[in-house]
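Take the structure below from its overall layout down to its charged pairs. Keep the model open while you read.

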Amino acid sequence: MVKVRVRAIADGGEANRAVTELLAKALGVPKAKVRILSGTTSRLKQIAIDGDPAKLGETLRKLTATKKD
């Protein structure tokens with residue numbers, strides 16, 4: 001589970017679009033490779049991202065790693 005926050009309002013799909021664009025940019029994949037499977041009207045969403053699972057997993061691990069000071 002990954003928690004993301006966007007500023008777009010949930011009107012006309014703007015928030016969903018912002019979430020998919022944010023994930024695409026963070027993971028380095030085209031926007032067309034990120035799609036919402038379920039939860040389009042919910043705060044909790046299931047999202048599919050097409051690409052190399054190993055590379056995507058590694059990128060997610062790096063993005064979500066806790067920084068140690």
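What share of the contacts with a separation of 6 or more comes from residues 24 or more positions apart? In this protein the share is 21%, where contact means heavy atoms within 4.5 Å.

A word on the ground rules. The model is predicted: local features need pLDDT of at least 70, side-chain atom pairs count only at pLDDT 80 or more, and totals for chains, interfaces and linings use all residues. Residues are numbered from 1 along each chain as its sequence is written, and side-chain values use heavy atoms, with hydrogens and water left out.

Start with the layout. The protein has two helices and two strands, in the order α-β-β-α along the sequence. Both kinds of element are DSSP runs numbered from the N terminus: helices are H or I with at least four residues, strands are E with at least two. The C-alpha atoms fill a box of roughly 40 × 30 × 15 Å along the principal axes. The protein exposes about 5,800 Å², and carbon and sulfur atoms supply 53% of that area. Accessible areas come from the Shrake-Rupley method with a 1.4 Å probe; for residues, only the protein chains shown count as cover. Of the 69 residues, 22% count as buried. Buried means under 20% relative accessible area, exposed means over 50%, and partly exposed lies in between (1.4 Å probe, protein chains only).

Now helix 1. Helix 1 holds 14 residues, 14-27, and should span 20 Å at 1.5 Å a residue; its end C-alpha atoms are 20 Å apart, which agrees. The expected span is 1.5 Å times one less than the number of residues. Gly28 follows helix 1, with a positive phi near 70°. The buried residues of helix 1 are Ala15, Asn16, Ala18, Val19, Thr20, Leu23, Ala24 and Leu27. Their cover includes strand 1 (34-38), strand 2 (46-49) and helix 2 (53-64).

In soluble globular proteins, nonpolar side chains tend to be buried together. Here the largest nonpolar core has seven residues: Val19, Leu23, Ala24, Leu27, Val29, Val34 and Leu56. Helix 1 gives the largest share of this core, four residues. Such a core is a set of buried Ala, Val, Leu, Ile, Met, Phe, Trp, Tyr and Cys residues joined through side-chain atoms within 4.5 Å. Leaving aside neighbours within four places in sequence, Val29 is in contact with Ala24, Val34, Ile49, Asp50 and Leu56.

Which pairs carry opposite charges? The count is three salt bridges, each a side-chain nitrogen of Lys or Arg within 4 Å of a carboxyl oxygen of Asp or Glu. Arg35 and Asp50 meet in one of them, at 3.1 Å from N to O. Arg35 lies in strand 1 and Asp50 in the loop between strand 2 and helix 2, so the pair ties together parts that are 15 residues apart in sequence. Arg35 is partly exposed at 39% relative accessibility, and Asp50 is partly exposed at 34%.

Arg17 pairs with Glu14, with the closest N and O atoms 2.7 Å apart. These two are three residues apart in helix 1, about one helical turn. Glu58 pairs with Arg61, with the closest N and O atoms 3.5 Å apart. Both lie in helix 2, three residues apart, about one turn of the helix. Glu58 is partly exposed at 35% relative accessibility, while Arg61 counts as exposed at 52%.
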